[in-house]
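Here is a briefing on one structure. It covers sheets, a helix pair and aromatic rings.

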Amino acid sequence: MIQDKAKQYFTDSPALKILFLFDEAQEFLEEVQRIDTSDFKVVYWENNPFILKYQLTHELKDEKVLLYLNLPQPNSQEAYHQFPLMGLLLANKELQLDNVGAFMEEFGLQRHQKGMVSKYMAELKYASVKDVVKPVLMSGNFLEKELQQGLLSAFLKFKNVENWVVLITKLCILAQEKNEAAFKRVQQKIKGTHLADIIMAKVGHHLGYNLKAISAIEFLQAAKSVLYNYTMQNSRLAKNDPYATLKINDTSHLTSINQFWQVVESNPLVSNGFQELLVNIQNDIKGEQLVKAYGIEENYAFYPNNLTWAILEQLQTKIITNDAVGLKVLENLALQQEIQGAAKETVRFLRQVLKTTLAINTISTYTLNTPEEYIANYTNEVYKIDANFRRAILYFNEIDSVEVPATIDLETLKNHLNETYNKHVDQLNRQWLQCLSRIDFDYKTIQTPKQYDFYNTEVAEVDQKMVVIISDALRYEVGEELLSKMHGDTKNTAEIRHMLASIPSRTSVGMAQLLPGEKVFNSGKILSDGLSTESTYRSNLLQKYKPNAEAVQFDAIKNEKEAKNRNLFKKDLVYIYHDVIDAIGDKRVSERRTFEAVRTGIAEIARFVKLLHGSYGVTNVLVTADHGFLYNDKKIVDKELETLPSDTFISHNRFFITKEKKEQELGYTFPLKQTTTFKEDFYVNIPFSVNRYRKSGVGHQFVHCGASLQELITPLIVSSRKRIEVAKKVNPTLLNKGKLRVVSNVLKFNILQENEVSRLEKERIINIALYKETTLVSNTVDVVLNSTSEAPSDRLTNIELIVNAEFSNESVFKLKVFDIEDILNPLIEELVINNTLLAQDF
């Protein structure tokens, strides 16, 4: 064996001259004496270091030598330096006959490290372990604590040496029942390598938890401690908190937990498993118990799903009673990034419910004096109720009800919303129609822009290229949301006005009124200057007034080749007819998807207007509608419908026309000429308020053709493109100014976007971080300030900055907020006091 091994050494290392063999017990002497080979010479130590050294360096300098020494192997720095042939040993190699020696030879380890190698050799012999700990085995890094960290990394199936936060997290993940076999395997490895003490110490350091044993129960308990203290770190202990034994008050331990959490969330090796673990242990830290002890208004630092659901369960009563406290709690929940899935959608739904019902409750009276007051009131404030209701229903439809606990009665909450909203719409429009009836529906007496004047007042005198987009059923509140989307284009300037559509607010009537020419009702087949106003003939009609004009359908150009569209938009005037909302809403089978169609329509038009300005060089764009609509989320049953007379000339579910005037007991009758430019003697009949007529084959949730404010008030958006970017951007404001404190290595505060994005103020992207002088000491957060909401709560962003461990002992930091386009001049600078003052070691 020795002969073969020696030959292999000399073969593997051609420059090797002397191979040392230490054999203090002389157990290999006889074997050495039997060596018979011409590949190397055997020389024996005879306690003659000087003679031997001369012999080896002169007489045998051209030979390969196996030097046998009946001496102990130097195994310490002191013994190594006292060895008389130290220089030759350094320049050559030692024959290793055991596994430890071979291992040390393989990695070039020093003799004084042999004891450590021997201690862990039972695991180091495995290739999978060696691959992981290889960086540690380099002589300069070969310290026992690093080796222990590397061994645990290998036991946990990592490919590299991971930090202790990751290792502890993986042990907690494996402690779950489904991973029982894997945990037991690692548990045995830890026992065999005596790693328990260092693991317990690291758990105490990073989690503030005193681990009593390397067991699954203990690691799960440590995880529960982390979840509880991360959630409740801002709260003083309540007397009736059932989890009081988990409470950590030591700020240094809370600091460690915050940094632990930050590292885990950002590490893809354990982040997903950690989230699953949190879900599983939530059953032991019950949200309803925390809410019972601390209430729904408590400043929780973290909102696990079960805590969120517990808060929402308690909020139900406040929503039914329209308690403004509920809105405050929901706005706080809406800021929490960890709330996702069905919980997030439920928060959004309930928030919109309360915004809708609270706004309705602020209305002191529905009785105003003039039509102008009703219209001004609606276009300034009341339209927002329709917008909030629409968003609430959209959010409700996006909730995965399977994930919602049975304790949350979503149907009851939605019914409350519907009842409150439907009553509001009825009362509003009942009074509005009574006001109109007092002037016999005579539009000429109303000092508000009329839809039938649109062409003459907005189009006729314009001598530049213009595109008019007419979106079927784009009611006023939808136009306001569209306007806000358009404001996101920094080069765009747009403003909204309103027009009063004709009654009946029917597509054929509204589309005709938006065209030029003298109109004739023609028994419903409307003509203008003798030409039909149906889509086929609209280009001909426009060309009578502007020869280089054309009318097209939006769908015809949406996917058309750019070159063809470019030629189209060289024309002086283009009318584009867009139909998404009415196409979906005005069919019984699809009317329930009305609000989804609204969202689609807004997105399509906003993109298209930007394209018109940016790619096709159109400076002037008008967006309007033929009429608006009413939508009831609650299905209307047959008994709630009114009966249509049998002798109607034209009819639908919101109006009917007769040739002779017939007074109604349950509605209004007035001449068609009162609200239109038609001169024929027909009479329009509409029901009181928002009632529907029984009409077979049509839907009754989505309706128009009547005279409600939602049907009649249409938007007129005037959009233009500036040659240079609009200079002014929205500004950020620090709400917690003068009170900023880093607690447990975390700084939490709120940034408010001062004003909504508008025609005058455009979006801004800001970068937020903590600094020490000019040195970055925390994570950075980018925030896009682009909210178009008037409500400050919708423009609020919750910011969380984590101080890097190496800067935890600094006493003062500076918070800086930059526009990302100017990183030299901060928009905000604020001193921040560090209440942590504890350095961390990861």
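Six strands make up an open sheet of mixed pairing, ordered E6-E19-E12-E5-E11-E10. Strands are DSSP runs of E with at least two residues, helices are runs of H or I with at least four, and both are numbered from the N terminus. Two strands pair if DSSP finds at least two bridges between them. The model is predicted: local features need pLDDT of at least 70, side-chain atom pairs count only at pLDDT 80 or more, and totals for chains, interfaces and linings use all residues. Residues are numbered from 1 along each chain as its sequence is written, and side-chain values use heavy atoms, leaving out hydrogens and water.

- Axes are lines fitted to C-alpha atoms, for helices over the stretch in contact; angles run from 0 to 180 degrees between N-to-C directions.
- E10 and E11 (residues 573-578) run parallel, joined by five bridges. Gln553 has Tyr577 in E11 as its bridge partner.
- Helix H29 (residues 594-614) packs on the sheet. H29 touches E5 (466-471), E6, E11, E12 (620-624) and E19 (713-721), where contact means heavy atoms within 4.5 Å. The direction of H29 makes about 175° with that of E5.

**Helix pair H10 and H15**
- H10 (residues 164-174) packs against H15 (residues 271-281) at about 45°, with axes 10 Å apart.
- The two helices are therefore oblique to each other. Angles under 35 degrees count as roughly parallel, over 145 as roughly antiparallel, 65 to 115 as roughly perpendicular, and the rest as oblique.
- Thr169, Cys172 and Ile173 of H10 meet Gly273, Phe274 and Leu277 of H15.

**Three-stranded sheet**
- A second topic is the open, antiparallel sheet E7-E8-E9. Its edge strands, E7 (519-520) and E9 (531-532), each pair on one side only.
- Two bridges join E7 to E8 (residues 527-528). Val520 has Leu527 in E8 as its bridge partner.

**Aromatic pairs**
- The structure holds 34 aromatic pairs. Rings of Phe, Tyr and Trp (its six-membered ring) pair if their centres lie within 6.5 Å; planes under 30 degrees apart are stacked, over 60 edge-to-face, and the rest tilted.
- Phe20 and Phe83 pair edge-to-face, 6.3 Å centre to centre, with 70° between the planes.
- This pair links distant parts of the chain, 63 residues apart. Phe20 is in strand E1 (residues 18-22), and Phe83 is in the loop between H4 (77-82) and H5 (86-91).
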